[in-house]
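Here is a short note to read beside the model. Keep the structure open and find each residue as you go.

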Amino acid sequence: MKLGSTTIALLAAIAAAPSMAQEVTLKIADSLPADHIITQNTTDVFMERVKEELGDRVAFEHYPAQQLAKAKDILSITQAGIADIGYVVPSYVSEKMPLGGVVELPGEIRSSCEGTLAFRNLVQPGGMLDKLEFQPNGVRVLYNVALSPYQAVFSERADVKSLEDFDGMKIRSNPGAMELSLQSVGAAPVRMSPPEIFDAMTKGTIDGALLPFTSVFSYGLDQIVRSATQNANFGSVGITYAISVNKWNSLPEDIQEVLTRVGRDVTESACSAFDEAEKTLSAELAEKGATVFDLSEEESAELNASFESVAQDWAETLDNRGKQGSETLSAFREQVKMLRAEGI
């Protein structure tokens with residue numbers, strides 16, 4: 001059968017259509033429950049916004065709750081291409097990203113937005129930590145967040161109601177700077193992932209944990225926490241969602257532009273949501289029967305003095321390893337200073 005020119009042109013257009021609107025599938029891996037407040041305010045929003053702009057050109061496969069790997073291994077599976085976008089927490093991979101722990105130092109930030117935006121300016125493409133740690137590990141940050149300053153929460157058995165009571169307590173913390181902050185007040189830091197905390201506190205393996213109130217509720221700990229600080233600042237956690245450089249380089253430029261812009265917007269909106277939630281959840285915890293207490297001025301002054309020592313020790317330890325610890329601490333503090341000057 002002889003085909004007319006119009007038919008040939010139509011068939012050619014149909015054949016070309018898949019390449020012009022070719023679907024990109026992005027696999028996202030993290031260790032958080034699917035309904036975690038971080039997921040709700042970052043990844044869920046990111047996927048929805050990207051789909052709104054790009055439609056069927058981009059599809060997402062989200063693997064929450066350590067379905068693809070434990071939290072400490074998500075960077076590795078992202079590097080290997082098993083995941084395209086990974087939940088990369090520098091303190092979980094401190095052997096590869098020790099400088100990224102700067103955002104976790106106690107006493108440095110007053111809010112999630114302070115930490116999030118100061119951290120973003122260092123980890124975004126071209127930033128100091130991007131050049132020193134993310135690029136060398138083959139990943140590029142799309143969006144990030146630092147949680148609100150961590151509080152200390154305790155089981156009923158621990159019966160903690162003042163800073164003095166911290167002495168000898170076994171308290172879950174993130175690796176790195178947060179461990180130093182606990183040691184400075186006589187507590188024994190214990191490493192474990194957040195999903196393990198509930199059972200450990202219930203069984204008495206640990207007496208308490210360092211977490212923001214948003215995470216206390218996300219992991220169901222509000223059911224067993226019976227006392228908590230509300231004006232302490234035991235550090236934070238710097239969370240990034242980073243795409244492998246190999247995957248990034250394979251994407252069309254217009255898709256790269258959308259991912260970058262949406263990621264930046266999500267970073268800013270998420271931190272505001274965390275700070276608002278933190279204010280209400282401390283009151284909700286008290287309503288459930290927990291003793292939510294303020295440290296006294298003397299206790300706060302004691303903590304702040306010890307935290308400054310922790311920061312200097314952190315920086316000097318990295319300096320001695322040939323890392324740019326002091327420079328990173330100064331750069332982070334400068335970012336925080338500028339944000340405060342802007343009224344953030």
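1. **The disulfide.** Cys113 and Cys271 form a disulfide, with their sulfur atoms 2.1 Å apart. The rule used here is a pair of cysteine sulfur atoms within 2.5 Å. By this rule the count comes to one disulfide. The pair links distant parts of the chain: Cys113 sits in helix 5 (residues 112-123), Cys271 sits in helix 11, and 158 residues separate them. The torsion about the S-S bond of Cys113 and Cys271 is about 90°, so the disulfide is right-handed.

2. **What you are looking at.** This is a predicted model, in which local features need pLDDT of at least 70 and side-chain atom pairs count only at pLDDT 80 or more, while totals for chains, interfaces and linings use all residues. Residues are numbered from 1 along each chain as its sequence is written, and side-chain values use heavy atoms, with hydrogens and water left out. Helices (H or I, at least four residues) and strands (E, at least two) are DSSP runs, numbered from the N terminus.

3. **Are the two cysteines buried or exposed?** Cys113 is buried, with a relative accessible area of 11%. Cys271 is buried too, at 1% relative accessibility. Buried means under 20% relative accessible area, exposed means over 50%, and partly exposed lies in between (1.4 Å probe, protein chains only).

4. **Helix 5.** Helix 5 is mostly covered: 11 of its 12 residues are buried. Among them are Glu114, Phe119, Arg120 and Val123. Now check the length. At 1.5 Å a residue, the 12 residues of helix 5 should span 16 Å, and its end C-alpha atoms are 16 Å apart, which agrees. The expected span is 1.5 Å times one less than the number of residues.

5. **Helix 11.** Helix 11 covers residues 253-287, which makes 35 residues. From first C-alpha to last, helix 11 reaches 51 Å, close to the 51 Å expected at 1.5 Å a residue. Where is the kink in helix 11 centred? The kink is centred on Glu278 and is about 25°. The bend at a residue is the angle between axes fitted to the seven residues ending there and the seven starting there. Gly289 follows helix 11, and its phi is positive, near 105°.

6. Six strands form an open sheet in the order 7-6-8-5-9-11, with mixed pairing. Its edge strands are strand 7 (188-191) and strand 11 (291-293), and each pairs on one side only. Neighbouring strands of this sheet are turned by 25° against each other on average, direction ignored. Here axes are lines fitted to C-alpha atoms, for helices over the stretch in contact, and angles run from 0 to 180 degrees between N-to-C directions. Two strands pair if DSSP finds at least two bridges between them.

7. **Strand 6 and its neighbours.** Four bridges join strand 6 to strand 7, and the two run parallel. Ile171 stands opposite Pro189 in strand 7. The chain crosses from strand 6 through helix 7 (residues 177-183) to strand 7, and this β-α-β crossover is right-handed. That means that, with the strands pointing away from the viewer, the path from the first strand over the helix to the second runs clockwise. Strand 6 (residues 170-173) also pairs with strand 8 (residues 208-211), in the parallel sense, over two bridges. There, the bridge partner of Ile171 is Gly208.

8. **Strand 8.** Gly208 and Leu210 point one way from strand 8, Ala209 and Leu211 point the other way, and all are buried. Strand 5 (residues 151-155) pairs with strand 8 in the antiparallel sense over four bridges. Here the bridge partner of Gln151 is Leu211.

9. **Two residues to check.** Most residues other than glycine have a negative phi. Ala65 has a positive phi of about 55° although it is not a glycine. Gln66 also has a positive phi, of about 65°, and is not a glycine. Ala65 lies in the loop between strand 2 (58-63) and helix 4 (74-79). Gln66 is found in the loop between strand 2 and helix 4 as well. Ala65 is partly exposed, with a relative accessible area of 42%. Gln66 is partly exposed, at 23%.
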